[in-house]
Amino acid sequence: MTAEIETAMAPTTKSPVETARPFAARRWKRLRAALTILATQLAILAAFLSLWEHATSANSVFAFMFGSPSAIAGFLGQMVRDGSVFRDTYVTGLETLLGFFVGNLFGTLIGLSLWYSRFVSRVVEPFIIALGSIPIIALAPIIIIWFGTGLVSKIAMSTLSVVIVALVTSYKGAVGVDPDQINLMRTLGASKFQIFRKLVVPASLADIFAGLKLTVGFALIGAIVGEFMSSSEGLGHAIFKAGSLYVIPKVFAALVVTIALALLLTFIVGKVERLLMPWRRQI
Amino acid sequence: MTAQGADRELEGVMSAQARTAEPPLVVEHVAKSYDLDGRIMPVISDLSLILRVGEIISIVGPSGCGKTTLLNTLCGLLLPDSGHILWHGREVFGQPQNVGYMLQKDLLLPWRTALGNTMLGLEIRGVATAEAEDRGRAMLDQLGLHGFADHYPSTLSGGMRQRVALARTLVNEPDVLLLDEPFASLDFQSKLLIENDTVGLVRQGRRSLLLITHDIEEAVSLADRVIVLSKRPTKVKAVYDIELGSERTDMMAVRENPGFSHYVRSIWADLDVVRQ
């Protein structure tokens, strides 16, 4: 009798161990999938680089036109040794960050506050579309006349590249709030400002961060275009100078650094997003 | 009990006395239509009802009969074309006070925890954080969500989320609850359990409840009165006083009462659902 009970109980007492195993297996499976993806990406990169290296080592015209991975690596090493890469990255990074902050700050503030008044948002809509359609490069000569050839003109270029995008994405987030949710706030007795602060702003965060991720790249493009027009330092300056001297591997070397900077900034925005929206982590 | 608690209790007694004199909600000949690109579409043609203190009324009607329009009109989110809506004997402009509102969608804010969502109304009314937290926690405990106060909605099941929504409604101690198909998306078990809790808390607090639903069994099992609406343009088609004992709080046991199926069948016939 007792033995019977014991055998009947056995599966239930064992179950914690048994449920732990599939969890570990699932975790291992997920890790393996991630590693496979990474390995495939690295293989593609290696294949691409070796093909490039091979093609350019056989043909000197190719080598001149396209550089080669080994030459690019050589220039990168040289840029690190003479310290120019740090200075250029610092300058371009600073311009990008300041443009990114100023542009997103004003764009987001205006975009969110347009939620407040349907009248104002409808009045300004065509102006915003018009401003948004201006190619920022076309403004560069004027920006230099207005702000000079120093740091400020690059920050201005960067800001302008960001501000309309930030405005549109945050406005879209604000007007996309579920009307039922607004009604609920109203029945709870919320004032318009309370609805704005407790509902509209947090509900727009996802769109705002989508905008932030997008505008990291735009801010960097703005800064580099600004440096193209006139500058004495920065990654854009290095690219422009190497390009006009036909040192193509050096152009690529500076581009590699620019890409690394863009990846770093995007990574930081992603981290901040996770920090500011903890409720998205637990899903 | 703290002084604050005693105060609140006194307040409750006083408002209970005030409430016995006046039904909290009177609807007189309300009509409402929509303007669809110049075409006037009448939704509610003529609707009157009285919701008394401590009373539970269910409203059922065929699909698309304007139940949600009715609810939004009662809440002051829409203006009626004609007729009067009296809250505690007075016409109100804007949102009526002490009314709780709950929909099929839980409308929980994903960035707030269960407790944060529950406290929303108290926070809006400026109740001190410590007190709001205590009341929020107590309400969640009462609804069987002890230990889930700090969970985000995305980690809760549908039934639990709807319980949080109910807690958010009840923590404001509303005199009247307006519920629009609040349990329609839940599975049968969760639904029965939350219905039991809702009725228990409504009866215990001498609150009034207006429940809009598609579910005839839900309507009959919860209510003192069931109002059947006609097709659009809507008016009252029939009214049933449900005599299954007003102190019932077990929605499963009610279904075994022989009267129950009788009511359900009559209301089903009233709804006049055409079989294709």
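Student: In which helix of chain A is A:Gly222 found?

Tutor: This is a predicted model, so keep that in mind throughout. A:Gly222 sits in helix H9 of chain A.

Student: Is A:Gly222 buried or exposed?

Tutor: Count C-beta neighbours. The cut-off for buried is 20 or more other C-beta atoms within 10 Å. A:Gly222 has 31 C-beta neighbours inside 10 Å, so it counts as buried.

Student: Which residues does A:Gly222 touch, not counting residues up to four places away in sequence?

Tutor: The list is A:Gly99, A:Ile136, A:Met157, A:Ser158, A:Leu160 and A:Ser161. Sequence distance and spatial distance can be read side by side here. A:Gly222 and A:Thr159 are 63 residues apart along the chain, and their C-alpha atoms are separated by 7.6 Å.

Student: Now chain B. Where is B:Thr169 found, and is B:Thr169 buried or exposed?

Tutor: B:Thr169 belongs to helix H6 of chain B, residues 158–170. It is buried, because 25 other C-beta atoms lie within 10 Å. Leaving out residues up to four places away in sequence, B:Thr169 touches B:Gly100, B:Met102, B:Pro174 and B:Leu177. B:Asn117 is 52 residues from B:Thr169 in sequence, with 10.0 Å between their C-alpha atoms.

Student: How many residues does the largest nonpolar core have?

Tutor: It has 119 residues. Those with the most contacts inside it are B:Ala167, B:Leu178, B:Leu211, B:Ala223 and B:Val226. Helix H9 of chain A, residues 192–229, gives the most to this core: 14 residues.

Student: Next, helix packing. What describes two packed helices?

Tutor: The angle between their axes and the distance between the axes. Take helix H10 (residues 235–244) and helix H11 (residues 248–276) of chain A: they pack at about 165°, with axes 8 Å apart. That angle makes H10(A) roughly antiparallel to H11(A). Their crossing is left-handed.

Student: Which residues of H10(A) and H11(A) meet?

Tutor: From H10(A) come A:Leu235, A:Ala238, A:Ile239, A:Ala242 and A:Gly243. From H11(A) come A:Lys250, A:Val251, A:Ala254, A:Leu255, A:Val257 and A:Thr258. By class, this contact has eight nonpolar residues, two polar and one charged.

Student: At what angle do helices H5 and H7 of chain A pack?

Tutor: About 140°, with the axes 10 Å apart; H5(A) covers residues 118–132 and H7(A) residues 151–175. H5(A) and H7(A) are therefore oblique to each other. Angles over 145 degrees count as roughly antiparallel. The crossing of H5(A) and H7(A) is left-handed. A:Ile128, A:Leu131 and A:Gly132 of H5(A) make the contact with A:Ile164, A:Leu167 and A:Val168 of H7(A). Those residues divide into five nonpolar, one polar and no charged.

Student: How many residues does the contact take from chain B and from chain A?

Tutor: 17 residues come from chain B and 15 residues from chain A. On the side of chain B that touches chain A, strand E6 (99–102) and helix H4 (120–124) each supply at least two residues. H4(B) gives the largest share of that side, three residues. By class, that side of chain B has eleven nonpolar, four polar and two charged residues.

Student: What is phi of B:Glu181 near?

Tutor: Phi of B:Glu181 is near 45°, again positive in a residue other than glycine. B:Glu181 lies in the loop between strand E7 (176–180) and helix H7 (188–204) of chain B. Its 19 C-beta neighbours inside 10 Å make B:Glu181 partly exposed.

Student: Which residues does a cis peptide bond join?

Tutor: B:Arg232 and B:Pro233, with omega about -10°. B:Pro233 is in the loop between strands E9 (225–229) and E10 (234–241) of chain B.

Methods: Residues numbered from 1 in each chain as written. Chains lettered and ligands numbered in written order. Predicted model: local features only at pLDDT ≥ 70, side-chain atom pairs only at ≥ 80, totals over all residues. Axes fitted to C-alpha atoms, helices over the stretch in contact; angles between N-to-C directions. Helix = DSSP H or I, 4+ residues; strand = E, 2+ residues; numbered from the N terminus. Parallel < 35°, antiparallel > 145°, perpendicular 65-115°, else oblique. Left-handed = near helix turned anticlockwise from the far one by under 90°. Contact = placed C-beta atoms within 7 Å. Nonpolar A, V, L, I, M, F, W, Y, C, P; charged D, E, K, R; others polar. Core = buried A, V, L, I, M, F, W, Y, C linked by C-beta atoms within 7 Å. Buried ≥ 20, exposed ≤ 12 C-beta atoms within 10 Å, placed from the backbone.
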